[in-house]
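Open your viewer and keep the selection tool handy. We will go from stop to stop, and at each one you will hear what to select next.

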Amino acid sequence: MPTNIVVIGMGYVGIPMAVLLADVDDFYVTGIQRRSQRSGWKIDWLNQGKNPYEGEEPGLDELIERVVKSGKFKVTDKYDDVRDADYILIDVQTPVDDEKIPRYASLLDVSQKIAKHMKKGVTIILESTVAPGTTDNVVQSILEENRGFKRGLDFFLVFSFERVMPGKLIEYITDFPRVIGGGCQEANDKAKFLYGKVVKKELQVTDTLTAELTKCIENAYRDVNIAFANEMALLCEDFNRNVFEIINLINYRHDRMMHFPGSGVGGHCLTKDPWLLLYGFNKYTERLNEAKIKIIPDARKINDFMPYHMIELMENVFRDSHRLVDNIKVALLGVSYKANTDDTRNTPTENIVKVLRSRYHSHNIEYIAHDPFVHERDYKLTKLTNDFNEAITNADVLMFTTNHSEYYDIDLDDLKKKVRTPIIIDGRNIFEKKLVEGKGFTYRKVGEGSKNH
Ligand code: SAJ
């Protein structure tokens, strides 16, 4: 008996989930992707069996090709297949705007379209991260009001969040436990049947709100821990010591795992999920403890400050050498928000360029960015090259913002010959201070004091 599945949103979440499900016997999957300017091209790309993502994604290329070739997976911008769907997965982006308010335009649009076409007995699973309270108060209301169905009777609505990790998209679905918040036994059973076919780890059942809170708090926890590491980096710089040495000494204990500081926190999870948590708190609770909720906003401020600190480190070098930040070439090494992926969302590199541009708008500064994975369609702020030599030749400042593997193998002697001024600002603990300075570079690292001791 075939199981018809529709996955809405062909992004980092939707694509791996869709093709993993399509690889299951008797599962037939339709991916729905709107033909927008930015991402419409993915429809044809995927229907040719090709992976639209360029970073290293073990297993994904061959899986896409196999399920497309076997006719188990196709992509469209139409909602016709929703009519026969036994399962509908919602994997659309749920960004927050500059005021930290969630922008649910895609989620609302998709919910309305589902309501129009869905059949009795369908199981709808919201995988996108939302503010706690959204599944029950927003998505359920749209589906019930626009279709006249009742959740738990005529259809099932589950919140089951993704834990994708660019660079390990398949692994993080199959090898991680899955939290299921279906709101009733039957909904949970339906979701367990589906996920049981692809998830090798535990399926953990709870109520919908607890599942939403688990997702947001899981990421807020990580964001706060990174903020702590960033704060300790700033503190250790003033102590003129290396925070990475200290973190490694702490983490040597088997029961400690401190995070690492860097040029900032990018991506589509940690930059938004803490704000979704606070939005849900403000909207769906009586806020009795509002005055005591401080750590999450403060952590976001610290993490958002780190790109500015990269610029401070650069400015310190120019100040110490009594040189103007003018008539220089700045090379940004790394555009994606994390190592070895092509994902540029909320990348610290963009913030660094924007701040430099505004602070030195009347100065003569040439910018060039290098990234081995990022495609120029995803980064338009400066010239972008995947030729490292082009980026660093005649450069006056090298700002390492992403720790792509290839940066660890740079020949510093060769690099020294090609740059115009040997200045390295290391935002990702790529280099060792004494070694780099021994090669004749002026060096500053996030988290390490600049004076020798
Ligand atoms: N970062 C640091 N220091 C750290 C760890 C990360 O500065 O110690 C920075 C990264 O450079 C990056 C940002 O934080 O700019 C986010 O990094 P991340 O490793 O958290 O990557 P994400 O955003 O892809 O986070 C995802 C999340 N997964 C989902 O929400 C589905 C998160 O829950 C996971 O914990 C994380 O992957 C992971 O650990 O794999």
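Helices (H or I, at least four residues) and strands (E, at least two) are DSSP runs, numbered from the N terminus. This is a predicted model, in which local features need pLDDT of at least 70, side-chain atom pairs count only at pLDDT 80 or more, and totals for chains, interfaces and linings use all residues. Residues are numbered from 1 along each chain as its sequence is written, and side-chain values use heavy atoms, with hydrogens and water left out.

**Stop one: a loop asparagine**

Select Asn-340, in the loop between strand 9 (328–333) and helix 12 (348–359). Its phi is positive, about 60°, although Asn-340 is not a glycine. Most residues other than glycine have a negative phi. Is Asn-340 buried or exposed? Asn-340 is buried, because its relative accessible area is 16% (buried means under 20%, exposed over 50%, partly exposed in between, with a 1.4 Å probe and protein chains only).

**Stop two: another asparagine**

Now pick Asn-394, in the loop between helix 13 (388–392) and strand 12 (397–400). Asn-394 has a positive phi too, of about 65°, and at 44% relative accessibility it counts as partly exposed.

**Stop three: helix 1 and helix 3**

Show residues 14–22 (helix 1) and 60–69 (helix 3), whose axes come within 9 Å and cross at roughly 55°. Axes are lines fitted to C-alpha atoms, for helices over the stretch in contact, and angles run from 0 to 180 degrees between N-to-C directions. Helix 1 is therefore oblique to helix 3 (under 35 degrees counts as roughly parallel, over 145 as roughly antiparallel, 65 to 115 as roughly perpendicular, and the rest as oblique). Colour the contact residues (heavy atoms within 4.5 Å): Ile-15, Pro-16, Val-19, Leu-20 and Ala-22 of helix 1, with Leu-60, Leu-63, Ile-64 and Val-67 of helix 3. They divide into nine nonpolar, no polar and no charged (Ala, Val, Leu, Ile, Met, Phe, Trp, Tyr, Cys and Pro count as nonpolar, Asp, Glu, Lys and Arg as charged, and the others, Gly among them, as polar).

**Stop four: the cores**

Select Ile-5, Leu-21, Phe-73, Leu-89 and Leu-194, the residues with the most contacts inside the largest nonpolar core, which has 41 residues. Such a core is a set of buried Ala, Val, Leu, Ile, Met, Phe, Trp, Tyr and Cys residues joined through side-chain atoms within 4.5 Å. Helix 1 gives the most to this core, with seven residues. Apart from it lies another core of 37 residues, including Ile-90 and Val-110.
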